[in-house]
Amino acid sequence: MLMSAKGAPTADAAYARAAIANGSRSFAAASRLLPGAVRDDVARLYAWCRHCDDVIDGQVLGHGERQVEDGAGKLAELRSLTEAALTGTPTGQPVFDGFGDVCATHGITPRLAGDLLDGFALDVEGARYDTFDDLCRYCYGVAGAVGVMMGLVIGVPRDETCTLDRACDLGLAFQMTNIARDVVADAKAGRVYLPAQWLEEVEVEATPSALLSAENQDAVWRVSARLVETAEAYYLSANVGVARLPFRTAWAIASAGKIYRAIGSRRRAAGPERLGERVATNSGQKIVILATSALSAARRDGRGAAPSRTGLWQRPPRP
C-alpha cells in the first residue's frame, strides 16, 4: 500500500490498471511509458474519469453508449461520492477513494474535479452547441480539465500555467477527435456535438435524425472532417507543453497525442461511406508511433513560444 499526502494508505490500484487497460487501448499503450512513480496515480485518475463518463453515457468502459434514465440523479450521486472522496471520507468504492488519494497527493482542487462533472451535466441537460466556442466549453469540461489534472499528476507545478494550458489544449484536441470519430454513435444515443452553425453551412439540421439520414452522409462527414482539421491547432499548441516535460513523461504524452491524431486522420481518410465505423489505430501503427515519439521527445528543447489556444481552466472563480 502507498501513502497519500494525508498519511493514510491509498487504495490498491489494480482496479485502475484494469480500467485503463480495458477502457482505452490507445491511452494504455502510452501510459506504460510513464515513470513508475506516477503510473498508478495516472491510472486512478483515468479510472475515475472513465467511471463518471460510463455512468452518464450508459456504457461500459467506453463502449455501448445508450440513452440513460434519470441522468440527473446519477450525476448527483457522482457529485456526492466525489465530494466525499475529496474530503477524505471513505466511500467504500475504490474508484472514488483512489481518486481522493490522487487529489490529496497532487493538489487537484475540488474545482477541477467539479469542472469535469459540470461538463457531464451538459450531456444530462441535452445541451445544444450552436458555435465552435460553445463546443470548446463542453470539451474543456469533459477533457480539458482532465488534461490539467493529468498535468498535476505527472508533476507539472501548479504555477507553471503555460504548461498546464497546453495540457488543457491536448484534452480539447482529444475530445474533438472523439466527437469526429463517434458522430454516428452519438447521434444514435440522441446527442449532437457538431456545432449547429457548421451544420447549417452544409444545410443539415442539428438533430440526431438529420445526422443519421443517408442523404446527409456526405455533408456530415465534411463537418466531422472540419473538426479533425480544427483540432490540429490544439495538438500543435500541446506540443509546446510536451517539450517542457522530462524525457519519459514527454515520450508518453507525445505518444498519446500522436495516436489520437492518427485516429482523426483515419476518420477523415475513411470517407463518408464509413462514417458509422469506429476507426482506430492497430498494434503495428501504435508501435511505429511509440518509436517516433521517442525521437521527438529526445529532441525536445522546451523553447516553443506558440500562444496557448485556451486558458479556460484559469477563468475567474465562480461567484
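This dialogue reads some features of a predicted model.

User: What should I know about the model before I start?

Analyst: This is a predicted model, in which local features need pLDDT of at least 70 and side-chain atom pairs count only at pLDDT 80 or more, while totals for chains, interfaces and linings use all residues. Residues are numbered from 1 along each chain as its sequence is written, and side-chain values use heavy atoms, with hydrogens and water left out.

User: How many helices and strands does the protein have?

Analyst: Helices (H or I, at least four residues) and strands (E, at least two) are DSSP runs, numbered from the N terminus. Here the protein has 14 helices and zero strands.

User: What share of the residues is buried?

Analyst: A residue is buried under 20% relative accessible area, exposed over 50% and partly exposed in between, with a 1.4 Å probe and protein chains only. Of the 319 residues in this protein, 53% are buried.

User: How many aromatic pairs are there, and which residues form a stacked one?

Analyst: Rings of Phe, Tyr and Trp (its six-membered ring) pair if their centres lie within 6.5 Å; planes under 30 degrees apart count as stacked, over 60 as edge-to-face and the rest as tilted. The structure holds nine aromatic pairs, and one of them is the stacked pair of tyrosine 129 and tyrosine 193, at 6.0 Å centre to centre with 20° between the planes. Tyrosine 129 lies in the loop between helix H6 (110-125) and helix H7 (132-153), and tyrosine 193 in the loop between helix H9 (183-188) and helix H10 (196-201), so the pair ties together parts that are 64 residues apart in sequence. Both tyrosine 129 and tyrosine 193 are buried. The rings of phenylalanine 174 and tyrosine 235 have centres 6.2 Å apart and planes at 55°, so this pair is tilted.

User: Which salt bridges does aspartate 182 form?

Analyst: A salt bridge is a side-chain nitrogen of Lys or Arg within 4 Å of a carboxyl oxygen of Asp or Glu, and by this rule the count comes to 13. Aspartate 182 meets arginine 181 at 2.8 Å, N to O, and arginine 278 at 3.6 Å, N to O. The pair with arginine 278 links distant parts of the chain, 96 residues apart, since arginine 278 is in the loop between helix H13 (247-270) and helix H14 (283-298) and aspartate 182 in the loop between H8 and H9.
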